[in-house]
Amino acid sequence: MTTRWLTSKEQRAWRAYIAATHLLEDAIDRQLQQDAGMPHLYYSILANLSDAPEHRLRMTDLAERTKITRSRLTYAVTRLEKDGLLRRENCQWDKRGSVAALTEEGTAALERTAPGHVETVRASLFDQLTEEQVDQLEQICTGIAQALESDDTRPAPDDVPWRRRSSPSCS
């Protein structure tokens, strides 16, 4: 197989993308650490639970939404549970599985933290773009995500850590 090297233009775009994503993630992490004492991942877990019906998600579904391994999710959930921001519950459908549920304290933490988080995202990303560029960014990111989700050359679903399920029920 012949390597399809990046062109100079593609190399510049790739390096700009990497620099921007690293700097953006750093800005978001710093703001969340300062305002809430938590990394972006923990905020994302709470935000995903906040958006879920009844503020609950199966652990495997939460791992898939946050794109992290179940072991990393378990570690984060243990920390958030210790802080009183969420709780684990037994799955009603499968006694082997568990569900993460947002607590009132977790909801309050999100409500306190969200304004600063949104302002950081706005100042760091969207204030730098025109309306047309925002539309383009959405199209580009959606296209990349859809291609990666449907790519037949990527690993089978069970080979992707956040997609592994022990059964079709709770886990």
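Helices (H or I, at least four residues) and strands (E, at least two) are DSSP runs, numbered from the N terminus. The model on screen is predicted: local features need pLDDT of at least 70, side-chain atom pairs count only at pLDDT 80 or more, and totals for chains, interfaces and linings use all residues. Residues are numbered from 1 along each chain as its sequence is written, and side-chain values use heavy atoms, with hydrogens and water left out.

**Stop 1: the whole chain**

Select the protein chain and colour it by secondary structure. It has six helices and three strands. Read from the N terminus, the order of the elements is α-α-β-α-α-β-β-α-α. Of the 171 residues, 29% count as buried; buried means under 20% relative accessible area, exposed over 50%, and partly exposed in between (1.4 Å probe, protein chains only).

The accessible surface of the protein chain is about 11,700 Å², and carbon and sulfur atoms hold 53% of it. Such areas come from the Shrake-Rupley method with a 1.4 Å probe; for residues, only the protein chains shown count as cover. Among contacts (heavy atoms within 4.5 Å) between residues at least 6 apart in sequence, 57% join residues at least 24 apart.

**Stop 2**

Select residues 56-58, 86-90 and 98-102, which are strands E1, E2 and E3. The three strands form an open sheet in the order E1-E3-E2, with antiparallel pairing. Two strands pair if DSSP finds at least two bridges between them. E1 and E2 are the edge strands, and each pairs on one side only. On average, neighbouring strands are turned by 30° against each other, direction ignored. Strands of a sheet pair through backbone hydrogen bonds, either parallel or antiparallel.

How many bridges join E1 to E3? There are three, and the two strands run antiparallel. Select Arg56 to find its bridge partner in E3, Ala101. Then select Leu57, whose partner in E3 is Ala100. Leu86 stands opposite Leu102 in E3.

**Stop 3: strand E3**

Keep E3 and show its side chains. In a regular strand the side chains alternate between the two faces of the sheet. Ser98, Ala100 and Leu102 point one way from E3, while Val99 and Ala101 point the other way. Is E3 largely enclosed or open to the outside? Five of the five residues of E3 are buried, so the strand is largely enclosed by the rest of the structure.

**Stop 4**

Select residues 40-51, helix H2. Within it, pick Asn48. Asn48 is buried, with a relative accessible area of 18%. Leaving out residues up to four places away in sequence, Asn48 touches Leu57, Leu62, Arg65 and Thr66.

Next pick Ser50, also in H2. Ser50 is partly exposed, with a relative accessible area of 29%. Not counting residues up to four places away in sequence, Ser50 touches His55, Leu102 and Leu110. Draw a distance from Ser50 to Ala101: the two are 51 residues apart in sequence and 8.9 Å apart in space, C-alpha to C-alpha.

Now move to the loop between H2 and E1, where Glu54 is found. Glu54 has a positive phi of about 55° although it is not a glycine, and it is exposed, with a relative accessible area of 64%. His55 is in the loop between H2 and E1 as well. Its phi is near 55°, a positive value in a residue other than glycine. His55 is partly exposed, at a relative accessible area of 35%.

**Stop 5: helices H3 and H4**

Select residues 59-66 (H3) and 70-82 (H4). The two helices pack at an angle of about 105°, with their axes 10 Å apart. That makes H3 roughly perpendicular to H4. Angles under 35 degrees count as roughly parallel, over 145 as roughly antiparallel, 65 to 115 as roughly perpendicular and the rest as oblique. Axes are lines fitted to C-alpha atoms, for helices over the stretch in contact, and angles run from 0 to 180 degrees between N-to-C directions.

Which residues of H3 and H4 meet? Met59, Thr60, Leu62 and Ala63 in H3 meet Arg70, Leu73, Thr74 and Val77 in H4. The residues of this contact divide into five nonpolar, two polar and one charged. Here Ala, Val, Leu, Ile, Met, Phe, Trp, Tyr, Cys and Pro count as nonpolar, Asp, Glu, Lys and Arg as charged, and the others, Gly among them, as polar.
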